[in-house]
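Hello,

Here is the structure we talked about. My notes on its helices follow.

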Amino acid sequence: MTPQRKKVLSLFEEIGSGIHLSAEEVHAKLTSSGERVSLATIYRTLRLLVKMAFLNELDLSEGGNRFELLSHEHPDHHHLICIRCGRTEEFENNEVVNAGKEAAKKFAFKLLESSLNVRALCPMCINK
Ligand SMILES: [Zn+2]
Ligand SMILES: [Zn+2]
């Protein structure tokens, strides 16, 4: 792994799972700790870490993308995502997980994870 990738990954490992960062936030954190790296490089590095299954990518469409550590301790968690400001709350729901299990079984797929992303507006953004 290149030093660049290691730095990005260890940033996520330090903050722990359940935290969802945008590429801009990752960039700001690294540059404030004295790292000289472009936002484009951060984007490329994040995409690569997703491909390598170290990170999970949440597609927010309007609000851009967020990245989080792919955790094996709680793989089946779901997200409530504010599409305006990107605030992301996690929740667990067995019915969603079971629905995924049943669907996979029906079509003889091997289940990897069931996660639901709910697009919403947070209380701060509703009245804007
Ligand atoms: Zn999450
Ligand atoms: Zn919001």
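**Helix packing**

The axes of H1 and H2 come within 11 Å and cross at roughly 105°. That makes H1 roughly perpendicular to H2, a label for angles of 65 to 115 degrees. Axes are lines fitted to C-alpha atoms, for helices over the stretch in contact, and angles run from 0 to 180 degrees between N-to-C directions.

In H1, Lys7, Val8 and Leu11 meet Val26, Lys29 and Leu30 of H2. Contact means C-beta atoms, placed from the backbone, within 7 Å. The residues of this contact are four nonpolar, no polar and two charged.

This is a predicted model: local features need pLDDT of at least 70, side-chain atom pairs count only at pLDDT 80 or more, and totals for chains, interfaces and linings use all residues. Residues are numbered from 1 along each chain as its sequence is written, while chains are lettered from A and ligands numbered from 1 in the order written.

**Helix H3**

Helices are DSSP runs (H or I, at least four residues), as are strands (E, at least two), numbered from the N terminus. H3 covers residues 39–51. Its 13 residues should span 18 Å at 1.5 Å a residue, and its end C-alpha atoms are 18 Å apart, which agrees.

Ile42, Thr45, Leu46 and Leu49 are the buried residues of H3 (20 or more other C-beta atoms within 10 Å; exposed is 12 or fewer). They fall within an arc of 100° seen down the axis, so they line one face of the helix. They pack against H1, H2, S2 and S3. Exposed Ala40 and Lys51 sit on the face turned away from the buried side. Ala53 follows H3, with a positive phi near 65°.

Best wishes

Notes: Expected span 1.5 Å × (residues − 1). Arc of directions from axis to C-beta. Contact = placed C-beta atoms within 7 Å. Parallel < 35°, antiparallel > 145°, perpendicular 65-115°, else oblique. Nonpolar A, V, L, I, M, F, W, Y, C, P; charged D, E, K, R; others polar.
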